[in-house]
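Hello,

Please find the structure below.

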Amino acid sequence: MMILGLVRWMQPVHGYDVRRELLSWGADKWANVQPGSIYHALRKLTEEGLLRAVATEQVGARPARTTYEVTPKGDEEFETLLRAQWWQLHEVPDPFASAFSFLPAMPREEAAAALRNRANLLRAGVESMRASLDSDWVRNSRPVHVTWMFELWLARAEAEMAWCGRIAERIDSGVSYLPAGLTGAGVWPGWTDGAPQRGAADGALPPGTADGALPPAEKSNNQR
């Protein structure tokens, strides 16, 4: 949808200009549009009849550049995709939700520290977004609705920051992870309820941890 919509706005347009514009939006970070896939996507959309290659030109030894525009079929597809996103709610996979579902496997002190560290990371992102909102680049060269999108991201981040703080406090309080009368070991033999792992010192945190925050992992466990 992003590429179709942008070609629609800029047509006739070279793939290079589409790529440059998407990168200026930071779409590789929030729309899952990778810079290296844009030219492939343009060719695929052309093969599917959603785009039309109107010209190919080459200047000197530079690579040939193709100019694209949207076909009537592409216009219909864009309108369909656009309204599907506006009128429907799409749940986005969240790797943290997968990890949080195994909260009882984490020592309580580590889990609380990790949540506070997550809040600190979110806070840094919020500060960066606020700086962008106050910049001349956003105020003077972007459509007004771009600032509204930043406001949405800010609201989400601030809500999650507050949630991290609340849950960290509940974990610190020692509240049980199970309702009264339910025993985790009876259902899940490996249930620990946040108790330290065998062989680990009570309350011990990984080396390098300071001020209640854990150092960011060098590799995501979800990629191993």
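R130 and E158 form a salt bridge through their side chains, at 2.4 Å from N to O. The term means a side-chain nitrogen of Lys or Arg within 4 Å of a carboxyl oxygen of Asp or Glu. R130 sits in helix α7 and E158 in helix α9, so this pair ties together parts that are 28 residues apart in sequence. Helices here are DSSP runs of H or I with at least four residues, strands are runs of E with at least two, and both are numbered from the N terminus. R130 is partly exposed, at 39% relative accessible area. E158 is partly exposed too, at 32%. On this scale, buried is under 20% relative accessible area, exposed is over 50%, and partly exposed is in between (1.4 Å probe, protein chains only).

A word on the source. This is a predicted model, in which local features need pLDDT of at least 70, side-chain atom pairs count only at pLDDT 80 or more, and totals for chains, interfaces and linings use all residues. Residues are numbered from 1 along each chain as its sequence is written, and side-chain values use heavy atoms, with hydrogens and water left out.

Another pair is R116 and D172, a salt bridge whose closest N and O atoms are 2.8 Å apart. R116 belongs to helix α7 (residues 108-133) and D172 to helix α9 (residues 144-173), so the pair ties together parts that are 56 residues apart in sequence. R116 is partly exposed, with 32% relative accessible area. D172 is partly exposed as well, at 46%.

D17 is buried, at 17%.

As background, side chains of opposite charge can pair when their charged atoms come close.

**A cis peptide bond**

Look also at the bond joining Q11 and P12. This peptide bond is cis, with omega about -10 degrees. P12 is in the loop between α1 (2-10) and β1 (13-14). For context, most peptide bonds are trans.

Best wishes
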